[in-house]
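Please read the following points beside the coordinates.

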Amino acid sequence: MLSVLDLFRIGIGPSSSHTLGPIRIGKRFLEDLKSAVELDAVANVVVELQGSLALTGKGHATPKAVVLGLFGLDPETLDPDVAEATVERVAAEKRVALLGSHEIGFDPETDIVFAYHIMPELHPNGMKLSARGAGGIVLFEQTYYSTGGGFIATEKQLRTPAPKDLITTGRKVPFPFGSAAELLEHCAREGKSIEEIICANEDAMRPREETDARLDRVARVMTACIERGLHKDGILPGALQVTRRAPAIWKKLKEQPGANEPERLFDWLNVYAMAVNEENAAGGQVVTAPTNGAAGILPSILRHYCLSSPDPIGDARRFLLTAGGIGLLYKQRASISGAEMGCQGEVGVACSMAAAGLSAVWGGSPQQVANAAEIGMEHNLGLTCDPVGGLVQIPCIERNAVGSVKAVNGARLSLHSDTPSKVSLDQVIETMRQTGVDMSSKYKETSQGGLAVNVVEC
């Protein structure tokens, strides 16, 4: 079993698969390299970006991620300002210090190769790294894949068939599950909520105090990201010259504290989600939830419904544990990669997770929580990933705002009945997977179709 904390990774924007993943790949490559040859023998490193990493890598700051990864920096503790200064220094000096120690020549313009013509067989986000010694002799070469949400894998890992019995593999936990049906069976048999089942599994991985501390940190980083986004004006990076809108909306909301029209709820959810995704687009610190491109939905609902409740810490933990449990189903049974599933695998999954988490906070039964998750995905099936200019801005920022409102509606609908929905959560997850497989690659984070080709970039 994966941990829910595997889904909530702290890092920098703008993309979990195209920024966070490549940072981790760069560091992983050098660590693997050290076990094969002496680091001092390396004279040059060449990085080849394949598939979606090549096609939308520039807009997703993948070259920047490559540089940071070669320095061996940790995305979770990386300061965005330090990251920017590091990349600017490498661009000027044409040198990097591998894992922060062994310095070599490195020109991002020539040593990062965009292999637009290669679409990898195993996963659309391929990254091949080669370490060369004196005379250009290849000392070590490895291909890795950024599989979404900051997760990475080697070619060997992806070629190894998944075990038929997912329940008996991986970490040993008291309540293993490979489907929503099995998760609900645990809840019914034990008389526990989904949150309690997930929490018991987390207890098998680490002390409860550590889990609580890490969940609380996730909530703090999400909230801090909202606060930064609400107060930072300006233009987002890239040729689109998109203006940050969250600060202006926030100002209007504060100037009209007594307004009580029902639609005002949309404004609060919208502004929180947009604040996060504008920060993400600017390369700020965010939490994958489950990805950077969908990072605004859970924080929006967390801020509006959990942190203002009589029990903010308890509700935040309940929300994240429940949402994370649902997210594990998508990660294990399908994918949370936009390059594999389209945006249904990012915003769709985040909407499903958030609807489930909010249903739990509102006192929903395990079945109602599962129904909320099903509603959240059912009405995002087929959602394409076609970022204009390869930037995580249009339609991504507004899409998170809309996804937040949709998640709340899904949670509300779930509470009207405790009977299983006609379409089960497992069925909708499988439908998402099949839809992603059938979807044209033009609509899966390649910027070769949809809005990406019908909107003038600049």
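1. Helices (H or I, at least four residues) and strands (E, at least two) are taken here as DSSP runs, numbered from the N terminus. This is a predicted model, in which local features need pLDDT of at least 70 and side-chain atom pairs count only at pLDDT 80 or more, while totals for chains, interfaces and linings use all residues. Residues are numbered from 1 along each chain as its sequence is written, and side-chain values use heavy atoms, with hydrogens and water left out.

2. The protein is divided into domain 1 (15–159) and domain 2 (180–443), with bounds that come from an automatic or database domain assignment. Their contact (heavy atoms within 4.5 Å) takes 17 residues from domain 1 and 20 residues from domain 2. The centres of the two domains, taken over C-alpha atoms, are separated by 29 Å. The buried area between them, meaning the accessible area (1.4 Å probe) that two parts lose on being put together, summed over both, is about 1,300 Å², and carbon and sulfur atoms give 55% of that area.

3. A cavity is, on a 1 Å grid over the protein atoms alone, a set of points where a 1.4 Å probe fits but cannot get out, and lining residues have an atom within 4 Å of a point. Grid points are joined across faces, edges and corners, and a volume is the space filled by probe spheres set on the points. By this rule there are two cavities of 30 Å³ or more.

4. The largest cavity holds about 160 Å³ of space. It is lined by 19 residues, of which Gly 293, Glu 346, Cys 385, Val 392 and Cys 396 are the closest to its centre. Helices α2 (16–34) and α18 (396–414) each supply at least two residues of this lining. Because domain 1 (15–159) and domain 2 (180–443) both give residues to the lining, the largest cavity lies between them.

5. The lining of the largest cavity divides into eight nonpolar, seven polar and four charged residues, where Ala, Val, Leu, Ile, Met, Phe, Trp, Tyr, Cys and Pro count as nonpolar, Asp, Glu, Lys and Arg as charged, and the others, Gly among them, as polar.

6. The second largest cavity has a volume of about 30 Å³, and its lining includes Met 1, Leu 2 and Phe 177. Helix α9 (residues 194–203) gives the most to this lining, with three residues.

Conventions. On a 1 Å grid over the protein atoms alone, a cavity is a set of points where a 1.4 Å probe fits but cannot get out, and a pocket is an open set with protein on both sides within 12 Å along at least five of seven lines; lining residues have an atom within 4 Å of a point.
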